[in-house]
Every structure is written in structure tokens, then in C-alpha cells.
Amino acid sequence: MDAEALATTTARKRLHVITWGCQMNVYDSGRMADVLAPLGYAPAAEPDGADMVILNTCHIRDKAAEKVFSELGRLRRMKEATGNRMILAVAGCVAQAEGAEILARAPYVDIVLGPQTYHRLPEMVARASRAGNKVIETDFPAEDKFDHLPDAAAPQGITAFLTIQEGCDKFCSFCVVPYTRGAEQSRSAATVIAEAKRLVAQGAAEISLLGQNVNAWHGLAPQDVDGGGEGTWGLGRLLRALAEIPGLKRLRYTTSHPRDVDENLIAAHRDLPSLMPFLHLPVQSGSDRILQAMNRKHTADEYRDVVRKLREARPDLALSSDFIIGHPGETEADFEATMHLVRDVTFAMAYSFKYSSRPGTPAAGAPMQVPEAEKDRRLQALQALLREQQAAFNASCVGLTMPILFTGTGRHPGQIAGRSPYLQPVHVTGPAELIGSEVQVTITAAHPNSLAGIIHTSQERRSA
Ligand code: 5AD
Ligand code: SF4
């Protein structure tokens, strides 16, 4: 029986997915819902009374496991209220890292699955539905989950995400990703292009390519699907192919590693107007000593150099970054080097975190852990500088006219909201018909995290 026939013969069930963590988890949650749709599961807005709840977890920072067990305590009561009919699944990186420990501490959980096995969810649900059965699937299967996933059931909307690469081989000292998501794996160019075309047909005007180390993507070139051809493509070549899809107005990619920014990618920034002039390029630290301890495989000056080349290629490029404060061994001088780099490069926005020890990673056992109070002090100083730069960047947009992709209504009546090329939220007074269009807007005011503007004269029409 095909999936559609199965769906029509299966009673409608309610599925609620709770998503923590990065955009890739958001994407994964959507795909888990897609996999379960043929079994009759439809999205439920609340976990209360749902037939199945998936907790899609993140392990990157903080007390991830503790947060999971406390959330599971809440879900347990909801499960009991359904007479234990609710199937409770824990997915994502905490599931991968903790595995059987989750079933030991929370025996009311039915399914524990890692990020690489969710294509097997229907079979896991069938096994878990037999009373008392527990299912753990945290291996890294030989088959590629993407080959076993159905096409997306629910459209993502005007802005869509597309995972092209997963896992990481970089092994930064502090990071759990190489352990929870596994070795780096790239999807083929043909499957990525086909999914992008589908997303555009479903109404996407902007696609963000996702990967833990997205610019390490190296996929089989389309011709090679039937043998022969160009071998493998890098991200720059893929972006060129995607830029040709009619109706696709904007392309982005995240998260990239400075070491994997190659000449082709820089050229793509030069040549492709639809590749947005905003790049998230984590540097983590501005100190060569710490970058080496982090196993980042580049120096602070090499980072400056990559940024210089990118800005030469695309002069209006703005940058965002990630910083870790208080990696083991970080001295005041190392921290000052980070502040120095921030002043040199200038960021339109940034994320900064206190180093948090992740069991099993090399940095966790390293000597010279930085005291919490010191981390707090340094983080506050860094964040003050980053806030200042973000405010200056937003202020520099006032008076400019830029294309805004409208994605929904604003908070106030008569307002519509969208995103600038630099991902800033922008609010204007305008007609709801413009939602889904890219329209020229003159920016009139800057706020800490958003902009306001007016629709550029005689532009109140749908863009082509
Ligand atoms: N502690 C603090 N921040 C971390 N990140 C990753 N691992 C850790 C950790 N152990 C941050 C990095 C990365 C972002 C996704 O999360 O800055 O780029
Ligand atoms: Fe983690 Fe990114 Fe380093 Fe890979 S490159 S180990 S995902 S921080």
C-alpha cells in the first residue's frame, strides 16, 4: 500500500513536536512530522492529549541532559492523563549522547532516537505500540536517511530551510557535534536541487542551506548520478546552480567554517545577486593560542584575511559570528585579543557564549578551566561591544533603500513584517498582499534588533 492510501485508511492521530536548539533541529522536526504523516499523524499545537510527543533535543551547551529530564517530568504527567496511550519519543543530540540512560531514568519514555535514524520512525512507532516495548535507535546507519525520507508534506512557507550537509569532521576541542551528529555527510547536488525546486514550487522565495559545517559540503555533481561528469561540486558551484531556479529570490547558508571558505565560494558571493550579503562565520576566539587549543585550524589573521577577501568580492557583505568566552586556558590577554578582533572586523550581529564543558570532548578534561565569575565578566564586556556594533550597523541602514522580503503581518494593525538582506526584521505600514514579495523599502528608524521603514515610492506592487 502506498503512503497516500495508508494515510486515508489510518485514523487521524495528533503529533506534537517540541524543538530545542539550532535551525537543523527545526528542519529535522519538520522531517520527522513528514515521515509520520503517512501513518495518520497530523500536527497538534499542544502536547496535552496528543497521541505522540517528540522532544527534539540539543546538546550543544548548558545543562542539556538536566533540561531534558525536567521537561520529561512534565510530559510524563500528560502521558498519564492519556491513560498512557501517548507515545513519548526523545530525539536529537541528547538522545544520541545519553541513549539508554534516558530509558533508565525515565522509563515512561517509549522511543529514544538519534539524529541519523529518524527515517526509521514509522517502524519504531510500530514496535513501541506493542505494549511495553521500548525502542532505542542511536546507531549511525549505513543507509543515508535522506534517501529514505518522503518528500516534505507540509510547505515551509516563504522562507525555507534545506539541510545539505550533516555532521562534522573538524573536532573542535569544545564541541559535541562530531560525536552526536557523526562524520560529515553531504547530500548529492541533484537531491539538493530537486528539494530546492520543490520548496520554491511550494512558495519559498528564500532558501537557507543548512549544515553543521555547511561550506564543507562536497556533493556528487548531478551528471554523476548516471555516471561520468564533473565529479564532486563544492558549495560555490551548488549555489550557482540553485541561483538559476526561477522564483528563488534569496539564498543563504549556515553555519560555515573559516577554513572551508574557498575561492569558488568567494566568487559566488561576487557573482550571485541572490546570495544574500550576510554571512554567519564563527570565529570563536581572536587569540591564536586559544584558536590552537580549540583545534580550529586557523589563526586570527587568517580569519581577518578570509573576511577581507569576502568583502572585496561583495563590498556590502555584513558578518555575524559565534564566540566562546572562557575556553580552558583563556587568559586576560587572550580575551583582549578577541576584543581586538571584534574591533577590527566589526560584526552586524553575533552570538556569544560562556564555555560550557561537554562530557567526552577534549576540552572537558583540559587543565586551567576559567572560573565562572571571570567568564561572566569577560562575556559582559564582549557583549557590550557586540551590542554597540549591532546598534551602529542598524543605524547605518537608516536612509538606505533595500529589498525587504515580506513574510507576515506585523504586531500592529496595518503593519507587515519581513527581513532585510542582513536578516534584520523590518516593519512597515503596508498591504497584506505584499506578503511573499520582495519590495524596495526605505529604512526610517533603527531599533536594537529591528528596523522600521516605508515602502519606496510607487513600489506598492508585487515584485516579479
Ligand atoms: N560551550 C560554549 N559554546 C559552545 N558552542 C559549541 N560548543 C560549545 C561549548 N561547549 C557554540 C559555538 C558554536 C555554537 C553553535 O555554539 O560558538 O559555533
Ligand atoms: Fe563543532 Fe562547528 Fe567545530 Fe564542527 S566546526 S566541531 S560543528 S564547532
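How many aromatic pairs does a search of the whole structure find? It finds three, where rings of Phe, Tyr and Trp (its six-membered ring) pair if their centres lie within 6.5 Å, and planes under 30 degrees apart count as stacked, over 60 as edge-to-face and the rest as tilted. The tour passes two of these pairs by name.

This is a predicted model, in which local features need pLDDT of at least 70 and side-chain atom pairs count only at pLDDT 80 or more, while totals for chains, interfaces and linings use all residues. Residues are numbered from 1 along each chain as its sequence is written, chains are lettered from A and ligands numbered from 1 in the order in which they are written, and side-chain values use heavy atoms, with hydrogens and water left out.

Select Phe-171 and Tyr-179. Their ring centres are 5.6 Å apart and their planes stand at 75 degrees, so the pair is edge-to-face. Phe-171 is partly exposed, with a relative accessible area of 38%, and Tyr-179 is partly exposed at 37%; buried means under 20% relative accessible area, exposed over 50%, and partly exposed in between (1.4 Å probe, protein chains only).

Next, display ligand 2. Phe-171 is one of the residues around ligand 2, together with Cys-168, Lys-170, Cys-172, Phe-174, Cys-175, Val-177, Pro-178, His-257 and Arg-296; a residue is near a molecule if one of its heavy atoms lies within 4 Å of it. By class, this shell has seven nonpolar, one polar and two charged residues. Here Ala, Val, Leu, Ile, Met, Phe, Trp, Tyr, Cys and Pro count as nonpolar, Asp, Glu, Lys and Arg as charged, and the others, Gly among them, as polar.

Strands are DSSP runs (E, at least two residues), as are helices (H or I, at least four), numbered from the N terminus. Two strands pair if DSSP finds at least two bridges between them; strand 10 (residues 206–210) and strand 13 share five, in the parallel sense. To see one of them, pick Glu-206, whose bridge partner in strand 13 is Arg-250.

Within helix 8 (residues 189–201), select Glu-195. Glu-195 is buried, with a relative accessible area of 5%. Not counting residues up to four places away in sequence, Glu-195 touches Tyr-27, Arg-31, Leu-162 and Arg-187, a contact being heavy atoms within 4.5 Å.

Strand 18 (residues 415–419) and strand 19 (residues 425–429) run antiparallel and are joined by five bridges. Ala-417 stands opposite His-427 in strand 19.
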